[in-house]
There are 2 protein chains.
Amino acid sequence: MIMSRIEAPRDADDAAAAVDAATAVTGTLVDRLLAGLPSGSVLTDPDVTASYANDMASFCPAGAPAVVVLPRTVEDVQHVMRTATELRVPVVPQGARTGLSGAANATDGCVVLSLTRMDRILEINPVDRVAVVEPGVVNATLSRAVNEHGLYYPPDPSSWETCTIGGNIGTASGGLCCVKYGVTAEYVLGLDVVLADGRLMTTGRRTAKGVAGYDLTRLFVGSEGSLGIVVRAVLALRPEPPEQLVLAAEFASATAACDAICRIMKTEGREALPRKGGGGRREGGHVPSLLELMDRTTVKAVNDLAHMGLPESTEALLLAAFDTADPAADLAAVGALCEAAGATRVVPADDAAESELLLQARRLSLTALEAVKGTTMIDDVCVPRSRLGDMLEGIERVAAKYGLTIGVCAHAGDGNTHPTVCFDAQDPDESRRARESFDEIMALGLELGGTITGEHGVGVLKKEWLAREIGPVGLEMQRAIKQAFDPLDILNPGKLF
Amino acid sequence: MIMSRIEAPRDADDAAAAVDAATAVTGTLVDRLLAGLPSGSVLTDPDVTASYANDMASFCPAGAPAVVVLPRTVEDVQHVMRTATELRVPVVPQGARTGLSGAANATDGCVVLSLTRMDRILEINPVDRVAVVEPGVVNATLSRAVNEHGLYYPPDPSSWETCTIGGNIGTASGGLCCVKYGVTAEYVLGLDVVLADGRLMTTGRRTAKGVAGYDLTRLFVGSEGSLGIVVRAVLALRPEPPEQLVLAAEFASATAACDAICRIMKTEGREALPRKGGGGRREGGHVPSLLELMDRTTVKAVNDLAHMGLPESTEALLLAAFDTADPAADLAAVGALCEAAGATRVVPADDAAESELLLQARRLSLTALEAVKGTTMIDDVCVPRSRLGDMLEGIERVAAKYGLTIGVCAHAGDGNTHPTVCFDAQDPDESRRARESFDEIMALGLELGGTITGEHGVGVLKKEWLAREIGPVGLEMQRAIKQAFDPLDILNPGKLF
């Protein structure tokens, strides 16, 4: 029996008995864990364990962990999972807890399995273009280490300075570079995974290609720790691209900015070139390394926070970047497309330093919006990029309907919007309206052929919505997979479904 | 009861009874199928159905289909699967049957479900950069259709003029362009799948990003029709790149050619450039759009077949291509690296036409090797590219040990070799040696940290080897997934496992 399954006590005696029972269970659990782990890696002080209850989705419900374990080796993790299986105790894996959906939130009486101490880069191979890492390696640490070899690990969530590769794999993280380089899933070649019962399984490969059996690697990416514990990853690397140059374009409406995005990404928009072997050949469309959008609310919030002097008169600020052989030429072409779409001002950065400043403004967006009203709910709806204009219009309507401030920053090239509801969590009515507007935005995303989550994941926050997006047959098959890997439902239970 | 499960008859009476029983079962099956399908889409003539027994792995065992169905609609496919579930009859899905592992081979008494008539391109969207297609669309048809919009669908297996997208998805096909553009899996965003019991499930999305639940889309890619029938796919497209230019480099040994490949792909080999914002910055390594190798046996076979005038004195011919903004400059840099690795001759193509000729030679390799002795067994071992030299040396040793001709062509940039055993199928001893050498090459690939299949799949040919590669725990979990999707084991049974 585990704490979370103890029924609610009906009177004071029952309550005392329940606490005693829970304490006894925790005692047994801790003893068993300590039998196979160094004492320094098992934390039981309730003040300490409570500090591991949440990821960044602070408004999502979270329980009280019974114990926090900080393994250093694969064998440590295996011992934890064997113990958890034996005692039927839920295990919640955690990285840096920078997630935004509550996927790393504790459940009552669980073992929090924090993988932050398994933080070794085991190998970087510049011929095979792979890195082999433990899950606790921080994204920025890996990124810088591979840069030293002229290599590039693209996935760059906003939290890249602190988030871990294990967390990135668990949530299938995206970032700013996805429009050109794709998401975390595209860079995971193989995994070592500790299964619910403590057995070790290896998936995938370290070769550039491979199709031996079902792709279990990809099944684990984005599974939010619900199928097994990732203890080692083989990651694909790319050669480091040239430095990118950024252009900022101001628009008098979000619609005009979205029109510019469509013009930039629409491949037919470019001229047909004569084909060398005769006949016509169309030149391919633009491939920006970044295509981001900030609305007026976001721009103002960033200025208020960091005094960056962004243009507050603009309704939508578009940032486009190229890391090609001749980025200035690409920026000129894209600048012309922005003007054709009605941009009121187009400013290409002169150099990498100026470009970096613009990106800093973009990266500050969520922090800045948080400062507006104290609390935010960050949505993550992704729509086909041709529907981005409809999405932004719809968000404006929702904000007006509920009388709320909703700032939008977006990975616009991907159609991935982060409508951010700013509200006062002390005000129950505003909190209710915030939640309702948040849901209405997801419904709109689905209506437009999109998804409820482009890169943040489902966690606790969106589990009712997952069912709505994937439908009953999809949900049944997803549950069947969960059942196959975790028949006792001890791996991060209550998340996703 | 199905034909394949009828026990072997013990005497003449039993045999006659068994045939009668089988005929009765087939009669019922055909009646049920015809109750929901147009008569023209159900083929029962044994001469006709027998012609659907095999894919291109002609040496793999294949059974006799009871019936061949050629559906035109999703509803047709659902009717077939409902009928198959009801009668417990195995269903073998097929595309153009260009596969090389027997994954599309019939089993006795099965329904062959040929998806070639579901061949509509439903949508090409140049803003969203997606195509929506039915499974029977031929790869070349799609590739040319998207080219008209300035778009590019990269996956290009050698059979691209005839193979279908459904088959490409089933086998997770690769091709020549993978070293830069990746494999089929990277281009499948979402699927409509008919499950074993006839229900329709939608996976994935049509957005650029999305992480709602487990990645069932990727689970289906490469599943060889064993989890469900793909009836619609949303594919990602890229802007068409500039035309590629090809360079040919001759080497006096395979080892020297592999050294050149490592130099080309090793990112550290390039100079550090001054970073604009100060400090040093390394320029990223080369990204060829193609990096292929043909050994002396293959070159000679191609010359014998097509009189192409390739240099027969070379031990290894390397082809490298770039589709960058300045391909001539990239070819010059790569040519210099080849010379540093000991190339005896380096010839960059002057233009696209000359480049295309070199690629034609490469594409003819397997056909040409087939002509050497009448029959071939084409292996598909992929190793980390740093181990390619060891792999090629090992293959030479195996060829000498068994007294066989083994030609090697390879997607060398990926480390993906196709050692092709040329043998006389009428000679039992040579056939036995061919099979043994084939297996020894796979064992070598695993020893070198590689995989038994880079892009051809497991099918019938390599199912014993799959278990060896992924180990007992991996195999158990793969089987658990199969069980979750196909509890009656009617979807392409006997393949993969």
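**Note on the predicted two-chain model**

1. Leaving aside neighbours within four places in sequence, Asp414(B) is in contact (heavy atoms within 4.5 Å) with Ala208(A), Lys209(A), Cys178(B), Val179(B), Cys382(B) and Val383(B). Asp414(B) is found in the loop between β19 (405-411) and β20 (416-423) of chain B; helices (H or I, at least four residues) and strands (E, at least two) are DSSP runs, numbered from the N terminus. With 5% relative accessibility, Asp414(B) counts as buried, a term that means under 20% relative accessible area, whereas exposed means over 50% and partly exposed in between (1.4 Å probe, protein chains only).

2. On the basis of the note: this is a predicted model, in which local features need pLDDT of at least 70 and side-chain atom pairs count only at pLDDT 80 or more, while totals for chains, interfaces and linings use all residues. Residues are numbered from 1 along each chain as its sequence is written, chains are lettered from A, and side-chain values use heavy atoms, with hydrogens and water left out.

3. The interface takes 90 residues from chain A and 89 residues from chain B. About 7,300 Å² is buried between the two chains, and carbon and sulfur atoms give 58% of this area; buried area is the accessible area (1.4 Å probe) that two parts lose on being put together, summed over both. Of the area that chain B buries against chain A, 13% is supplied by Lys209(B), Val211(B) and Tyr214(B), more than any other three residues.

4. Eight salt bridges are found across this interface, a salt bridge being a side-chain nitrogen of Lys or Arg within 4 Å of a carboxyl oxygen of Asp or Glu. One pair is Asp215(A) with Arg218(B), whose closest N and O atoms are 3.3 Å apart. Several elements of chain B each supply at least two residues of the side that touches chain A, among them β9 (200-204), α7 (216-220) and α15 (463-485). The most comes from α15(B), with 13 residues.

5. Over all chains the count comes to 56 salt bridges. In the one between Arg206(A) and Glu123(A), the closest N and O atoms are 2.9 Å apart. Arg206(A) lies in the loop between β9 (200-204) and α7 (216-220) of chain A and Glu123(A) in strand β5 (residues 121-125) of chain A, so this pair ties together parts that are 83 residues apart in sequence. Arg206(A) is partly exposed at 21% relative accessible area, and Glu123(A) is partly exposed at 27%.

6. A further salt bridge joins Asp486(B) to Lys482(B), with the closest N and O atoms 2.7 Å apart. Asp486(B) counts as buried at 2% relative accessibility, and Lys482(B) counts as buried at 10%.

7. Helix α4 (residues 139-147) of chain B has Asn139(B), Ala140(B), Leu142(B), Ser143(B) and Val146(B) as buried residues. These cover an arc of only 160 degrees around the axis, which puts them on the same side of α4(B); the arc is that of the directions from the helix axis to the C-beta atoms. Their cover includes β5 (121-125), α5 (165-171) and β10 (229-236) of chain B.

8. The largest nonpolar core has 205 residues, of which Phe251(A), Leu318(A), Phe485(A), Phe251(B), Leu318(B) and Phe485(B) touch the most other members. Such a core is a set of buried Ala, Val, Leu, Ile, Met, Phe, Trp, Tyr and Cys residues joined through side-chain atoms within 4.5 Å. Not counting residues up to four places away in sequence, Leu318(B) touches residues including Leu247(B), Phe251(B), Ile261(B), Glu292(B) and Cys338(B).
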